[in-house]
Amino acid sequence: MTFQYFFFDTYIGYFLQVLPVALLVSVIYGVILFRKDRKTPVRRKLFSCVFVCYIIGLICLVVGLDLIGIIWYKILYHMDPGTSVGWFNGDFNFVPDFFNRISGENIGNFLMFLPFGILYPLSQKEPVWKKCVIKGLAAIVVIELLQPVFGRAFDMNDIILNSLGVVLSTTIFMLIKKVIKRKS
């Protein structure tokens, strides 16, 4: 396995491609947040930074992966990768069929938004289940609507599976929070 294959054609490689961008944006956000906001507890500020890192990484993975891959290829190899972003390709799939076949992509779509239901509430002063779920669903729909612009496809399966991830993780988080609150 060569570095080029590992870095450009695997899920771990895709993660490594977007990680520097997500970390950079998160650090910039953190610096601004810590300078401006003196009242918010440090713990919540740190969770806010982690949440921003997660969201930026997610956006880069599902919207800008082709573009980021081209940039990395040019940085690492100093040449054109021979690929391009298929701007405005307009692929749409409105028929949910994920229940017909379980695939790695379907599992990944479910797992992709599990952190949202944990990180978002931790970054809020008083998280409410309904608000967390609505914000998660809004993020999913916005990301999914942007994908055809960046050469990817709008897929109803993604929306459903991502939403299930948000609802499940937010529900579990809120239940655990409630149990901890009762004990203390």
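**Close-ups of a predicted model**

L67 sits in helix α4, residues 65-77 (helices are DSSP runs of H or I with at least four residues, strands are E runs with at least two, and both are numbered from the N terminus). This is a predicted model, where local features need pLDDT of at least 70 and side-chain atom pairs count only at pLDDT 80 or more, while totals for chains, interfaces and linings use all residues. Residues are numbered from 1 along each chain as its sequence is written, and side-chain values use heavy atoms, with hydrogens and water left out.

View 1. L67, I71, I75, L76, W87 and F88 make a nonpolar surface patch of about 610 Å². L67 counts as partly exposed because its relative accessibility is 35% (buried is under 20%, exposed over 50%, partly exposed in between, with a 1.4 Å probe and protein chains only).

**View 2. H78 and its backbone.** H78 lies in the loop between α4 and β1 (91-93). Its phi is near 55°, a positive value in a residue other than glycine. With 70% relative accessibility, H78 counts as exposed.

**View 3. The largest nonpolar core.** This core has 20 residues, and F51, Y54, F113, F116 and I143 have the most contacts inside it. Two or more residues each come from α3 (42-62), α6 (116-122), α7 (129-146) and α8 (156-183). The largest share, 5 residues, is from α3. A nonpolar core here is a set of buried Ala, Val, Leu, Ile, Met, Phe, Trp, Tyr and Cys residues joined through side-chain atoms within 4.5 Å.

**View 4. Around I143.** Neighbours within four places in sequence aside, I143 is in contact with L58, I59, V62, V63 and F113 (contact means heavy atoms within 4.5 Å).

Note on methods
Patch = residues over 30% accessible without salt bridge, like charges linked within 9 Å, V, L, I, M, F, W, Y side chains within 5 Å. Areas by Shrake-Rupley, 256 points an atom, 1.4 Å probe, with all protein chains shown as cover. Salt bridge = Lys/Arg side-chain N within 4 Å of Asp/Glu carboxyl O.
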